[in-house]
Amino acid sequence: MEVLINDFSPGLFVVQTILLLGLIFLLVKFAWKPILTSLNERESGIEDALLAAENARKEMQNLQADNEKLLKEARAEREAMLKEAREIKNKMISDSKEQAKVEGDKMIRQAQSAIESEKKAALADIKNQVAELSVEIAEKVLKEQLSNKTEQLKLVENLLGDVKLN
Amino acid sequence: MGKHFIRYLCATFKEPLFERFAMRKAMPSLRYLIIFLLSITCFQGFSNVPQEEEGPVSSKEEVDEYIQHHIKDAHDFHLFSYTNDAGERKHVGFPLPVILWSSNGMVAFMSSEFHYDDEGEVIVEKGGSSFVKYHTKIYELQSGTKNLSFDEEHHPTNATRVLDFSITQSVVGILLVGLLMLWVFSSLARQYTKRKVPKGFGRVLEPLVIYVRDEISRPNIGEKHYRKFTGYLLTVFFFIWILNLLGLTPFGFNVTGQIAVTAALAIFTLIIYTFSGNKEYWQHILWMPGVPYLIRPVLAIIELAGAFLIKPFSLMVRLFANISAGHIVVMSLIAIMFTLKASLGVVGATALSLILSFFITLIEVLVAFLQAYIFTMLSALFIGMAVADHHGDHVFGENDDVDDAEEARENFI
């Protein structure tokens with residue numbers, strides 16, 4: 001302790017105090033203040049930039065989500081439209097099928113009835129012609145056969161015989 | 001001799017001017033180096049003073065004395081000594097101005113007037129007083145006496161110590177480091193006006209500044225107040241660190257090993273935390289809340305002693321003792337070369353000395369940083385304790401105090 005006190009130089013203490021005071025003052029004014037200010041500015045600048053980047057990223061994400069949503073909606077809409085179109089098509093096809101069937105049936109029926117009536121007419125015609133022909137033939141045959149008296153008698157006899165059988 | 005000093009001062013102070021006007025071109029640092037070397041070497045020739053009674057330092061006692069001499073401040077800048085062909089002891093260095101406050105007022109002369117005498121044999125008569133230098137201290141002889149006389153413990157009896165404001169070796173070191181710091185850090189500050197990120201040497205300095213701010217100032221003082229004190233902490237940190245490193249160079253500076261210097265530093269910290277202490281700080285010192293009333297005055301005495309004596313004293317002695325011890329150990333290990341020459345031979349003693357002093361010097365480089373860090377760190381901690389907000393919560397406040405007290409106790413060890 002005594003050595004410490006003996007070594008203590010009051011003059012050096014005073015000089016050191018003055019020099020240190022001056023050094024602190026000058027350094028704070030010309031070095032530390034500008035350095036710390038610009039360091040802080042730079043750090044807050046970096047922080048702001050990072051924040052801005054983060055915000056931009058979020059915005060980008062939002063945009064992407066929006067896009068995706070829109071795309072999904074569009075896809076759904078397309079799907080719905082396609083479905084509707086398909087349904088309409090199917091309906092149209094089935095409708096026209098039905099209509100065609102009805103129409104066809106109708107035509108078939110008409111044709112059938114026409115055929116029937118034609119047939120009937122033709123049959124009636126044929127019948128008439130056959131009757132006329134057979135009458136003519138019978139007339140001719142009768143004329144031929146009943147040209148003599150015996151034959152006529154024989155026929156009468158036959159006819160009479162038939163009557164008897166009835 | 002005054003002329004030489006003025007030339008020396010010119011060479012030192014011209015540096016910033018050169019930087020401003022002439023050294024815009026390439027390789028400014030090389031020119032600085034040349035100027036610095038010139039400013040040192042140009043004085044070598046002037047101070048060669050024959051000293052017949054001294055030989056080279058070789059015995060154990062001489063080594064002890066040499067180390068004791070080295071860790072003290074010096075009034076001249078001594079670079080090395082040698083013995084010339086005629087057997088004369090020559091000292092190479094340059095004198096520094098001696099400024100004294102004697103009984104007859106201010107006296108100034110160059111230290112070369114003592115002719116490198118440190119035993120109180122050369123008497124300098126100036127301004128009506130007689131001065132002698134004995135063991136790096138300057139004494140004023142009582143009027144009428146012509147010789148310094150001593151008591152049994154080698155204390156001068158017929159002379160008084162004078163207030164010594166000399167530009168001693170330590171003051172030169174402080175000035176050098178101060179100018180270096182001003183130059184280096186103001187150039188770093190100027191860089192920021194031009195670019196966001198500094199280049200060159202500024203790129204080395206910037207992380208150090210950020211380190212002090214983010215690792216020492218901000219965590220210990222707190223986000224709210226740290227900005228105000230960071231300037232002081234940065235100054236002290238770099239001041240101590242550079243001076244510690246300068247002490248490891250062979251120029252023989254031992255500035256942070258001067259108790260007056262560390263005392264001034266510690267008192268700066270004391271003043272700062274005393275005057276920036278808030279209401280809670282003083283309340284916790286003078287009238288500790290949350291303890292019985294009877295204990296409060298006892299605690300107040302302890303706390304006052306802690307705040308005004310123990311804290312600055314620990315700061316002062318820690319730095320002083322560490323740096324002085326480092327110097328003593330390094331020099332003792334170098335001295336192995338002489339002291340063990342007889343038992344180990346020249347080669348063995350030299351090799352042992354080289355290896356040991358090399359590793360100790362490496363450790364000392366670490367210690368140089370560590371002591372600067374610890375001093376700054378503790379200053380920040382003490383300031384932080386003074387400005388901390390205690391949030392009014394008693395339980396929390398008590399815990400806080402326990403923590404602080406424990407921390408402080410750890411720091412004193």
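Q: How many bridges join strand β6 of chain B to strand β7 of chain B?
A: Strands count as paired if DSSP finds at least two bridges between them. Here 4 bridges link β6 (residues 129-134) and β7 (residues 137-141) of chain B, which run antiparallel. For example, B:Phe131 has B:Glu140 in β7(B) as its bridge partner. Strands are DSSP runs of E with at least two residues, helices are runs of H or I with at least four, and both are numbered from the N terminus. This is a predicted model: local features need pLDDT of at least 70, side-chain atom pairs count only at pLDDT 80 or more, and totals for chains, interfaces and linings use all residues. Residues are numbered from 1 along each chain as its sequence is written, while chains are lettered from A and ligands numbered from 1 in the order in which they are written.

Q: What order do the strands of the open sheet have?
A: The 4 strands follow the order β5-β6-β7-β8 (chain B), with antiparallel pairing. β5 (124-126) and β8 (159-161) of chain B are at the edges with a single partner strand each, so one side of each lacks a neighbour in the sheet.

Q: And how do I read the contact of the two chains: how many residues does each give?
A: Residues are in contact if their C-beta atoms, placed from the backbone, lie within 7 Å. Chain B gives 36 residues and chain A gives 29 residues. On the side of chain B that touches chain A, α4(B) has the largest share, 12 residues.
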